[in-house]
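Thanks, everyone. Please have the sequence and the structure open while I talk.

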Amino acid sequence: RFIAKPCAINLGIQDSGPHRAQPNAILEKVFTSITKSPDGKRLEGLSKQLDWDVRKIQRWFRHRRNQDKPTTLTKFCESMWRFTFYLSIFFYGIRFLWTAPWFWDTRQCWYNYPFQPLTSRLYYYYILELAFYWSLMFSQFTDIKRKDFLIMFVHHLATIGLITFSYMNNMVRVGTLVLCLHDASDFLLEAAKLANYAKYQRLCDAFFMLFGVVFIVTRLGIYPFWILNTTLFESWELIGPYPSWWLFNGLLVTLQVLHVIWSYLIIRTASKALVRGKVSKDDRSDVESSSEEEDVTSNSTKGIFSTSSNGSNRLNGHVAGSQWTGE
């Protein structure tokens with residue numbers, strides 16, 4: 001309200017929504033009471049009832065769906081908040097972990113376990129991260145709706161479960177490594193969205209490509225060979241199969257499965273960007289095209305990055321057709 005909105009206005013982002021559908025009592029009743037996306041049979045019936053062309057009715061429903069979507073200004077403010085948090089918490093984590101022995105030797109995560117001290121800096125790092133992911137969990141139901149809602153919901157559940165579980169079991173050393181690793185790429189995605197909303201396309205593409213590289217390196221490279229290696233093998237070797245070993249590693253492996261899914265979406269968007277010359281739209285977006293030519297075919301030309309990660313990033317969150325519109 002006091003920082004993001006003035007920045008958006010200074011960048012020329014207007015608080016104006018999409019094209020509004022013309023008032024029509026019959027179509028409005030169908031939209032609110034029956035369906036927001038009528039099938040062919042219902043479209044034909046409405047066409048005869050109103051003496052409207054079917055394509056005109058399709059456009060009306062598309063405009064009606066889009067007018068409930070958040071404005072670019074709203075999405076800019078949301079992304080700026082997430083960018084600020086991700087960037088701040090990432091540098092806080094790096095600064096804290098740089099002097100931590102387990103950052104350089106993951107076996108230190110298990111030496112003398114579970115009798116490891118919980119310092120105030122480590123405590124605040126954990127509490128800040130936990131509070132933020134709880135906020136994402138609740139706000140997901142009221143924020144911009146995205147196609148990867150279920151994936152992000154599972155991600156938030158797994159993340160909150162891991163943070164809470166590792167804190168209760170004093171596995172905070174390896175927990176800080178997981179948190180810092182995940183924060184490494186999130187702020188880059190939010191930066192790409194901010195550039196996109198401000199219509200700095202080249203900057204948007206550069207940030208997105210950088211995000212893709214960092215995401216794949218950290219989530220498909222460092223995470224399995226550094227994090228999962230120490231939780232699956234080094235912990236087993238040093239402290240044995242403790243009672244909650246299966247649950248803890250099950251949640252970590254669940255995150256890795258989500259990483260693979262998101263990496264596929266990112267690679268697909270990046271490959272299309274190389275062909276088209278710009279980053280394509282987020283496939284997670286629910287915002288429909290407003291062009292007059294596309295109606296039924298609009299679903300086949302949607303892209304990936306609207307995010308959640310959402311959207312993604314959210315993707316949290318945390319990626320394919322026309323120019324991507326970010327979260």
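How many helices and how many strands does the secondary structure of the protein chain come to? The count is 11 helices and zero strands. Keep in mind that this is a predicted model. Read along the sequence, the pattern is α-α-α-α-α-α-α-α-α-α-α.

Now the chain as a whole. There are 327 residues, and buried ones make up 52% of them.

An unreviewed UniProt entry gives "transmembrane region" for residues 83-103, 123-142, 207-226 and 246-267. That comes from the record, and the annotation may be inferred rather than shown by experiment. What does the model show over two of those stretches? Residues 207-226 are 100% helix and 0% strand. The end C-alpha atoms there are 25 Å apart. Residues 246-267 are also 100% helix and 0% strand. For residues 246-267, the end C-alpha atoms are 31 Å apart.

Let me pick out some residues. Start with Thr231, in helix H10, which covers residues 201-239. Is Thr231 buried or exposed? Thr231 is buried, because its relative accessibility is 0%, and the cut-off for buried is under 20%. Which residues does Thr231 contact, leaving aside neighbours within four places in sequence? They are Trp110, Val174, Trp245, Phe248, Asn249 and Leu252.

Now Arg107. Where is Arg107 found? Look in the loop between helix H6 (101-104) and helix H7 (120-139). Arg107 has 23% relative accessibility, so it counts as partly exposed. Not counting residues up to four places away in sequence, Arg107 touches Glu234, Glu237 and Leu238. Take the pair Arg107 and Glu237. In sequence, they are 130 residues apart. In space, they are 9.8 Å apart, C-alpha to C-alpha.

Last topic, cysteines. A disulfide is a covalent bond between the sulfur atoms of two cysteines. The cut-off used here is sulfur atoms within 2.5 Å. How many disulfides does that rule give? The count is zero. Take Cys77, which is in no disulfide. The nearest cysteine sulfur belongs to Cys7, 8.9 Å away. Cys77 is partly exposed, with a relative accessible area of 21%. Cys204, on the other hand, counts as buried, because its relative accessibility is 0%.

That's my tour. Over to you for questions.

Terms used. Residues numbered from 1 in each chain as written. Predicted model: local features only at pLDDT ≥ 70, side-chain atom pairs only at ≥ 80, totals over all residues. Heavy atoms only, no water. Helix = DSSP H or I, 4+ residues; strand = E, 2+ residues; numbered from the N terminus. Buried < 20%, exposed > 50% of the residue type's maximum accessible area, 1.4 Å probe, protein only. Contact = heavy atoms within 4.5 Å.
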